[in-house]
Amino acid sequence: MQGLLADVNVQGHWLYLEERLLPALGVLPVLAALGLRFVTFNDLGIPRDLNDRALWTLSQAQGWVLFTENRNKDGPDSLQQTLFDSWREGHLPVLTLANKARFEYDRDYAAKVANDVATLRFDIAIGQYRDQRRIWVPMT
Amino acid sequence: MGIADNPSWVQALDDGIAAMRQAHADRGWYDSHDLINWLNEHSNMVLNEIIDSYRFRRDGTPAHDPILTATRQIAKFLQHHRHQVQLRKHISQRNAIQTVPPRAKGNAVVAVWQISSVAATGNVDGLPNGSSVSNEPDEPRMPAGMIHDRGRGPEIRGTRITVYNLLPQLLDPTATEDFICQVNRLTPEQVAAARAYILNNPDTVLSQHLRIEERMAAGNSPQVREKARESRATFLRFKEWLSNREKEVHQTPQATAIEDGGGNRSGSFPTFREWLAEQKSRPEERS
């Protein structure tokens, strides 16, 4: 696992998470210790309109855990369908922000998301959660 | 002062939009001249007030064509304040307007506006609660160009952002246009196109939105929730161990040697394998 890849639909939110929340929670040293990176579409040169199936395939092939907001129809090439027909145990899970709107205004909720993202980064890096297609954050 | 700032002008335009929807529902569109012609006939005073307001430029010099300027400003109002979807532009005829001085009829290139199921009067800035026109098509209407559907639902062309991504923000009264643009890396035109799509296809969008909400409400399985608690505990142990380890390293002369010239102390951190090995050697601490 290389780290987390922020989807276009949470790119702005992730910046806040990465620049403000995670440092405030004091978890950056842990993530740095694991050598995990955070990247955006821009960093990897991924087209902003890549379809779900291609994105998931690329993420798995390159070892990125996709962090996204899943608010789209379940078409044949949707993320939901791709996870259904292509995911196998051992693949990296997809992290899905459960409530982006709440993340935007609820400080406690945002902190919970940040804590869970940090925890999941850590756990996935050590081989956990490879039996899950998708994990919603916050997790509980 | 713009058109949107004058309640009587807004009221007249809303009445005109509603009349356009009724009069031209069969063909599915109206153009700016249709609306101007209607205003000329039914709200002539307002039309003249609007035209008069554009007789002079900001620097005080006379405007070249105040009627054309007024037509364009009305088009902007339709697009930005009433979220009318522009299909294309075409040449059409404007009737003679009773202005001072009188203005003969003429042709000009004007915007063609889509007629949809959204009620044109009343609360068109929020989700519509008005009645639908009788010829609503089965297929959702797509604003020309900016919105397409690749199977993920209506999506802003060139991005992975669907109207469902934006809907919660568009429904949030505290989310300004700037905020939505900035956080989603979108232009105002792209956000306007998404808003127009939602307003033009409220039933389709809301039913899919509810399905998405339902899927999200299900959340994680009980197993994942239980595992999350364990994960958190493990993570916190690692964090604490790392913190203690760092303090120890800093207390030794060798520690400073690990730091590079830029103050980067990443080399002083243990690898996960080191940490794991230490944890295994002290199993009682993990229970």
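**The largest core**

Start with the largest nonpolar core of this predicted model. This core has 45 residues. Select V163(B) and A194(B): they have the most contacts inside it. Next, colour the elements of chain B that give two or more residues to the core. They are α1 (7-23), α2 (32-42), α3 (44-52), α4 (66-80), β3 (106-114), α5, α7 (188-200) and α8 (202-218). Pick out α7(B), which gives the most, with 7 residues. Now colour chain B by domain. At least three core residues come from each of domain 1 (3-114) and domain 2 (147-218).

Stay on V163(B) and show its contacts beyond four places in sequence. They are G153(B), P154(B), A194(B), Y197(B), I198(B) and V205(B).

**Helix α5 of chain B**

Select residues 163-171 of chain B, helix α5. Which residues are buried here? They are V163(B), Y164(B), N165(B), L166(B), L167(B) and Q169(B). Then bring up what covers them. The cover includes α6 (100-105) of chain A. From chain B, it includes β5 (154-156), α6, α7 and α8.

Zoom in on Y164(B), which lies in this helix. Why does Y164(B) count as buried? Because 25 other C-beta atoms lie within 10 Å, and the cut-off for buried is 20 or more. Leave aside its neighbours within four places in sequence, and Y164(B) is in contact with residues of both chains. From chain A come R71(A) and N72(A). From chain B come G153(B), Q208(B), H209(B) and I212(B). Draw a C-alpha to C-alpha distance from Y164(B) to P154(B): it reads 8.1 Å, for two residues 10 apart in sequence.

**Where the chains touch**

Chain A holds 7 helices and 5 strands. From the N terminus on, its elements run β-α-α-β-α-α-β-α-β-α-α-β. Of its 140 residues, 44% count as buried. Take the contacts in chain A with a separation of 6 or more: residues 24 or more positions apart account for 79% of them.

Select the strands. The 5 strands form an open sheet in the order β2-β1-β3-β4-β5, with parallel pairing. Go to the edges, β2 (37-40) and β5 (134-137) of chain A, where each strand pairs on one side only. Look along the sheet: neighbouring strands are turned by 25° against each other on average, direction ignored.

Move to strands β1 (residues 3-6) and β3 (residues 64-68) of chain A. They run parallel and are joined by 4 bridges. In this pair, L4(A) stands opposite V65(A) in β3(A).

Finish with helix α4 (residues 52-62) of chain A. Helix α4 lies across β1 and β3 of chain A and runs at about 145° to β3(A).

Key: Residues are numbered from 1 along each chain as its sequence is written. Chains are lettered from A and ligands numbered from 1 in the order in which they are written. This is a predicted model: local features need pLDDT of at least 70, side-chain atom pairs count only at pLDDT 80 or more; totals for chains, interfaces and linings use all residues. A residue is buried if 20 or more other C-beta atoms lie within 10 Å of its own, exposed if 12 or fewer, and partly exposed in between; C-beta atoms are placed from the backbone. Two residues are in contact if their C-beta atoms, placed from the backbone, lie within 7 Å. A nonpolar core is a set of buried Ala, Val, Leu, Ile, Met, Phe, Trp, Tyr and Cys residues joined through C-beta atoms within 7 Å. Domain bounds come from an automatic or database domain assignment. Two strands pair if DSSP finds at least two bridges between them. Axes are lines fitted to C-alpha atoms, for helices over the stretch in contact, and angles run from 0 to 180 degrees between N-to-C directions.
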